[in-house]
Each structure stands twice: as C-alpha cells, then as structure tokens.
Amino acid sequence: MNIGTRKILDRSFTALGIGSLVVMAMALLIVLVPIVSNGIGALFFTGTVEHRKMLLHEFRRGGSEQLSSEIASSDRYRRKAYDMLTGFEAELEKMEPEKKAEYKEKYTPVKTALQALLGPPPGSPEPMLTRFKYGETRWEKAQEKLHDLMYESKWDNSNPDIMAKEYFASRAAGFAGTSLAPLFPYVKENLEHMLIPEFTFYWGFITDSSVDSHFFGGIWPEIQGTFFLAIGAMLFAFPLGVIAAVYFTEYAKPGFFNSMLRSANSTLAGVPSIVFGMFGLAFFINTLKVSESKSVIAGALTLAIMILPTIIRAAEEAILAVPKTYREASLSLGSTKWNTIATVILPAALPGILTGGVISLGRAAGETAPIIFTAAVSVGSAIGLADVFSSPTPALSWNIYNLASEHEAASQIRHVQYGMVLALVTIVLLLNLSAIVWRARISKKLKG
C-alpha cells in the first residue's frame, strides 16, 4: 500500500470516528434535553396557594400567618364563585323536570371542573382522598383546568370521508340566561386572585415522601430504595467478581471445566434481565427463603447475580493488562504467589476493576425487570437499614415505569415522572463521575 492511499484511509477513519462521536452527542442531547427541561419543572415551578396549603397541612412546612392571609384573600374571590353554584342549584329546583334534567347534565361537569381547579367549597365535608382536598397546586395545571371549565370537548363527524375532528365549544353558551352564566368570565378574570401564583423552589421533591400516590410530595423513598438495591448488589457481586477473576487469570488451568465456567459466565452476561427477576423469585424467595416475600435483600441478591458476569470480565481484563514483569519481579524477590496477587497485581489492576464495578453499579441502579418480582413496590415509605431483610421498597426505575404506564392519572403527574427520570440519570452520572475521579487518584498514587 503506497503512502498516499494510507493517508486517505487514515483521514477517512478519522472523519468516520469524529462523525460517530458527533452523532452520539446529538442523540444524547435529543434524549437529555427534554428530560432535564421537564425534570427541573418538578423542583422549580409557579406554585399556587393550594400548594402552600398542602405543604402546611401534610408536611408542617411554611409560614402559617402569611398563608392565613393568602387564604383569606383568595377565599373572598372563591366565595362569590361558589355562591353562583349555590344560586344555580336553587334555580334548578324551580325548573320543569325536562329542563332541569337537561341543565343538570351540563352542570355536573362544570361543578366538577371548578372543584378540581379551586378545591372543595368552604364548609363542605372533608374528602377521603388527599387529591380532592386541594385545588390545583401548579399554575400551568390550573390553566389546563380553567380550559376544561370554560370549554367542552366535542367531535365533528359531518364529513364521513375523514376522521372526526375535535373542537371546543363554550360552556357559557349552554347556560345563557341563567344565574350561572356570569361564572365563566368571573373565574377567568379573577383566577390569579383565587390561586395567588408565585415562583416556587420545592426542594421537598427530593426529601419528602409521596402523598396519595404521587399526587403530592416527593420521591425520597424511591431514591433511598435505589441506593439500597444498587449498593447491596455491589456488596455481594464485587468481591465475588474479583475473586472469580483472580481464579480465572492466576489459578485456573486450561481444560474442560475451565471452558465450561467461562462459557457459563459469557452466557449469563447475555441473559435477559426479566429472566433474572424470575430466578430471584424462584430461588432467593421461594427456595432459600431469604425473606417471606419481596424484600431489599432479595432484590439486591438478584441484581448481584445479574451484574456478576460484567464485573468478572472487567476485573479479568484489568488483571491481564498488568505487565508480566510485575509478577516476575515480585516472585524473584521471594514473595509467594498469593502475596504477589494481593500486594502487586490487584493494586495495579484496581483502576480497571473499579471502572467495571461502577459500570455495573449504574446498570444495577437503572434495572427494572429484576426487581419487579423480588423487591419493588409502587407506593411505600422510606425504610431503615434494619428493614432491608424483610421489607420491599420503592425504586426509581420501577416507579418511573409504573407512573408512566399504570397510574390512574398519569397525564396529571408528568412532572413527577420526568423528575424521577432526571434523578435517576443524575445518580448514574454522579456514580460514573465519582469513579473517574477515584480512578484518577488511584492511578496517580500508583505512579508515585
């Protein structure tokens, strides 16, 4: 191959490598930008007086005197809106049966929308569920609820050749000439006075427990559960993985048994994670009885089995990368084989071993399938260290899936879903960053 052709090939491969990095960076930005922008909204948003009432009643947080003044101010405007409802209900009783039934059908969604926006009227019985005790706690959601109050969704089926089109009809037109007609412009004009929005930094999203299935509160139990599961998995998998790697590289002799072990390790690395979840349920819970049912210890053991092949392979490659001269120098000075491994080879291979360990830790923190049957619950409080042997726990990965796909009001708590995703991504990034810093310090110390 002549020099000109070689230069062209070198430049082509360089351009291809740079192009691949650019594409990966753009793909990463496409994924991360909406996660960050929407996830930040769980912490920073425009909160209403209903949010401040919720914090005081549920978490005993906030200035009660200032809040009392805000509640009194907002109630003056709300009372007039609810008086209109009361007046229209009295008007309904005087209508003829057919007309009463017609108006009552249109009135029910109006009353429901107003209560969802402002909360229950003063003096009404306290609702059983927390979600019905308060109006909209976030200003952007209040705008959506205002639209539901002002307009009714309908469908245009006039053209049989195309799909029906949705359009919105004013609810006020349906109550023209009644005492309820002034309600709609009144609420629209005075909504800010009723809800008193202000910029809010809700740090409790990280430190509070959820209230009423994540309608209110934070995600601390999920964050704590994720750490318990991931760190618990590493406590089991990391020592076993390093010991197995030492055996494969330093003690195992070529043969059928060694080939079987290596094949088993490679096969386990490719097994779908849901299979590990079923194995954990069948083996750790039903057979070994490590706990009566789901528990953190069962989930951690399952995750440990799942990440073990990765740790073994990473540790094995790191040990093999240590120069043979290190072994020869240590043995020539009279050191034993085990002492050479413990004092020379493993310290030299430690940066590579740690890299594999942290990659596995990040995977354990983000896995969902292995903990579905062994450790995770949809709703729960934070647990203590003494409870890991007997209690299940919420976890970010499982709760993200659950809130996005199975929650009864998934569209109303999108900010919680994105906040959980941002928290999980941040945890994994911090773990990887800590590994980079730790590896750099160890490498610098080894170099002297």
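Colleague: What is the volume of the second largest pocket?

Modeller: In this predicted model, the second largest pocket has a volume of about 240 Å³. Of the 15 residues that line it, Arg 52, Leu 55, Arg 61, Gly 62 and Glu 198 are the closest to its centre.

Colleague: What makes Glu 198 a lining residue of the second largest pocket?

Modeller: Glu 198 is among the residues that line the second largest pocket, which means that it has an atom within 4 Å of a point of that pocket.

Colleague: Which elements each supply at least two residues of that lining, and which has the largest share?

Modeller: The elements that each supply at least two residues of the lining of the second largest pocket are α2 (49-59), α3 (64-93) and β4 (198-201), and the largest share, 4 residues, comes from β4.

Colleague: What volume does the largest pocket have, and how many residues line it?

Modeller: The largest pocket has a volume of about 530 Å³, and 22 residues line it, with Ala 116, Arg 131, Glu 136, Lys 145 and Gln 412 nearest its centre. Two or more lining residues come from α4 (97-118) and from α5 (139-150), and α5 gives the most, with 4 residues.

Colleague: How many residues of each class are in the lining of the largest pocket?

Modeller: That lining divides into 7 nonpolar, 8 polar and 7 charged residues.

Key: Residues numbered from 1 in each chain as written. Predicted model: local features only at pLDDT ≥ 70, side-chain atom pairs only at ≥ 80, totals over all residues. Heavy atoms only, no water. 1 Å grid on protein atoms, 1.4 Å probe; cavity = no way out; pocket = protein on both sides within 12 Å on 5 of 7 lines; lining within 4 Å. Points joined across faces, edges and corners; volume = space filled by probe spheres on them. Nonpolar A, V, L, I, M, F, W, Y, C, P; charged D, E, K, R; others polar.
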